[in-house]
Amino acid sequence: MALTKYNNYTTATLSSGITIEHPKIAVLSYCTLSFNGGVSHSGERRTITCGGKSITFYLDGNGAAVVSLLPFMRNDMAARNVQDNPIGTGCNWRGLLSVAVSLGNLASIETTLSIYYIYGDCPPMVTPPSVEWLTYNAGGIEYNYANIDWASHYTDGVPNDLAALRGVWNNITSLLHPTGDTAATFTVLRVCGRESFEYDLTINFAYDCRVDGVVLVRWLDCDGGIHTRKLTLASEAMSGSASSRYTRHHDYQEIVNGYNRGSDEWVDITAQRTITIGDNCIPANQWPELKTLPISNCIEVYMDGAWVRCNIANTSIERDAKKPIIGVTVTLNLPAPNVPMI
């Protein structure tokens with residue numbers, strides 16, 4: 001289909017004469033309410049309430065004010081335990097806000113706005129990319145995901161179903177049942193700041209058949225999308241740092257049952273477990289996905305039979321315009337055992 005562009009904003013006119021411009025779908029690059037009432041409303045006090053939280057503010061000398069929806073978006077996600085379960089069933093990084101706007105005397109509600117949100121950057125762009133390259137792993141554990149925002153879940157750029165809006169993480173194996181390299185075209189909608197685009201997106205899926213010496217990795221990008229792929233396990237290390245060293249007092253030292261206590265010294269040990277993963281021969285067309293890895297605040301690897309949350313210790317991802325391949329090296333801090341303190 002031809003690319004269709006929608007305005008991602010609308011204006012509500014209140015009975016008091018004040019207008020409120022707000023996003024149809026709030027994203028981090030556009031998540032404000034813009035009040036404009038003219039000088040007759042200057043100095044007026046208003047309150048917006050959402051999810052049990054309120055913000056009170058005053059209109060300026062021109063009867064205008066700009067209020068961010070970001071605190072309400074965070075509060076709504078926290079209610080769904082997104083910090084403890086960031087990559088769960090359904091995308092909890094998306095939701096619907098019911099924003100109540102008070103009258104000038106704060107005594108009652110003048111209007112209530114329903115605003116969908118995507119907790120992601122979703123930056124403005126002239127035209128979104130129409131082709132993507134991803135890898136997938138046939139079958140097995142929950143790993144094969146692609147972010148597909150079906151256009152059928154929207155009507156004129158506005159979500160028509162909250163559950164569908166959150167159903168952006170699509171399992172490739174269940175969706176396509178691929179058995180090798182394949183490509184598929186989907187009609188999608190993408191929010192880009194104050195605009196959104198409906199268009200055909202072609203995703204080229206490359207089958208990663210490796211079994212040995214690889215680690216499954218998944219992470220969230222800045223737009224709240226999930227990425228999954230295999231990376232080669234280069235090394236795994238366990239280290240410990242010592243502190244609070246102390247020696248038990250003794251006047252003499254003797255060998256008991258053939259055992260020598262030495263200096264009878266104890267120390268607190270803090271363990272650190274790290275792994276280094278990556279590849280040095282990845283097709284350059286996968287750069288748009290991989291460049292989101294080093295700046296992700298949620299990275300998980302499948303280790304010891306479970307998904308484990310990690311933190312990035314060091315990362316190097318480099319693209320050379322003269323080469324058709326890119327290299328990725330990522331060092332991750334994994335949860336380490338607690339060393340008993342005596």
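**Exercise 1. Is arginine 229 buried or exposed?**

Solution. The model is predicted, so local features are read only where pLDDT is at least 70.
- Step 1. Take the value: arginine 229 has 4% relative accessibility.
- Step 2. Apply the cut-off: buried means under 20% relative accessible area.
- Step 3. Conclude: arginine 229 counts as buried.

**Exercise 2. Find the salt-bridge partner of arginine 229, and say which parts of the chain the pair ties together.**

Solution. 
- Step 1. Arginine 229 forms a salt bridge with glutamate 289. The closest N and O atoms are 3.3 Å apart.
- Step 2. Glutamate 289 lies in helix 4 (residues 287-290), and arginine 229 lies in strand 19, so the pair ties together parts that are 60 residues apart in sequence.
- Step 3. Check the partner's cover. Glutamate 289 has 7% relative accessibility and counts as buried.

**Exercise 3. Describe how strand 19 pairs with strand 18 and with strand 20.**

Solution. 
- Step 1. Begin with strand 18 (residues 214-220). It pairs with strand 19 (residues 226-247) in the antiparallel sense, over seven bridges.
- Step 2. Look at the connection. Strand 18 and strand 19 form a hairpin with five residues between them. Glycine 224 sits in the turn and has a positive phi of about 80°.
- Step 3. Tryptophan 219 stands opposite histidine 227 in strand 19.
- Step 4. Turn to strand 20 (residues 265-283). Strand 19 and strand 20 pair in the antiparallel sense over 13 bridges.
- Step 5. Alanine 237 stands opposite threonine 274 in strand 20. Serine 241 stands opposite threonine 270 in strand 20.

**Exercise 4. Build up the surroundings of threonine 276.**

Solution. 
- Step 1. Locate the residue: threonine 276 lies in strand 20.
- Step 2. Find the neighbouring pairing. Strand 20 and strand 23 pair in the antiparallel sense over nine bridges.
- Step 3. Name the bridge partner. In strand 23, threonine 331 partners threonine 276.
- Step 4. List contacts beyond four places in sequence: Thr232, Leu233, Ala234, Ser235, Thr329, Val330 and Thr331.
- Step 5. Judge the cover. Threonine 276 counts as buried because its relative accessibility is 18% and the class takes values under 20%.

**Exercise 5. How many salt bridges does a search of the whole structure find? Describe the one that joins lysine 5 and glutamate 195.**

Solution. 
- Step 1. The search finds 13 salt bridges.
- Step 2. In one of them, the side chains of lysine 5 and glutamate 195 meet at 3.4 Å, N to O.
- Step 3. This pair links distant parts of the chain. Lysine 5 is in strand 1 (residues 4-7), glutamate 195 is in strand 17 (residues 195-207), and they are 190 residues apart.
- Step 4. Lysine 5 counts as exposed at 51% relative accessibility. Glutamate 195 counts as partly exposed at 25%.

**Exercise 6. Which residues make the nonpolar surface patch of about 310 Å²?**

Solution. 
- Step 1. The patch is made by Tyr246, Trp266 and Ile342.
- Step 2. Isoleucine 342 is found in the segment after strand 23 (325-334).
- Step 3. Isoleucine 342 is exposed, with a relative accessible area of 63%.

**Exercise 7. Compare the positive phi values of cysteine 122 and aspartate 304.**

Solution. 
- Step 1. Recall the background: most residues other than glycine have a negative phi.
- Step 2. Cysteine 122 has a positive phi of about 45°. Phi of aspartate 304 is near 55°.
- Step 3. Cysteine 122 lies in the loop between strand 10 (109-118) and strand 11 (131-136). Aspartate 304 is in the loop between strand 21 (299-303) and strand 22 (306-319).
- Step 4. Cysteine 122 is buried, with a relative accessible area of 7%, whereas aspartate 304 is exposed, with 65%.

Conventions:
Residues numbered from 1 in each chain as written. Heavy atoms only, no water. Pairing = 2+ DSSP bridges. Helix = DSSP H or I, 4+ residues; strand = E, 2+ residues; numbered from the N terminus. Buried < 20%, exposed > 50% of the residue type's maximum accessible area, 1.4 Å probe, protein only. Contact = heavy atoms within 4.5 Å. Patch = residues over 30% accessible without salt bridge, like charges linked within 9 Å, V, L, I, M, F, W, Y side chains within 5 Å. Areas by Shrake-Rupley, 256 points an atom, 1.4 Å probe, with all protein chains shown as cover. Salt bridge = Lys/Arg side-chain N within 4 Å of Asp/Glu carboxyl O.
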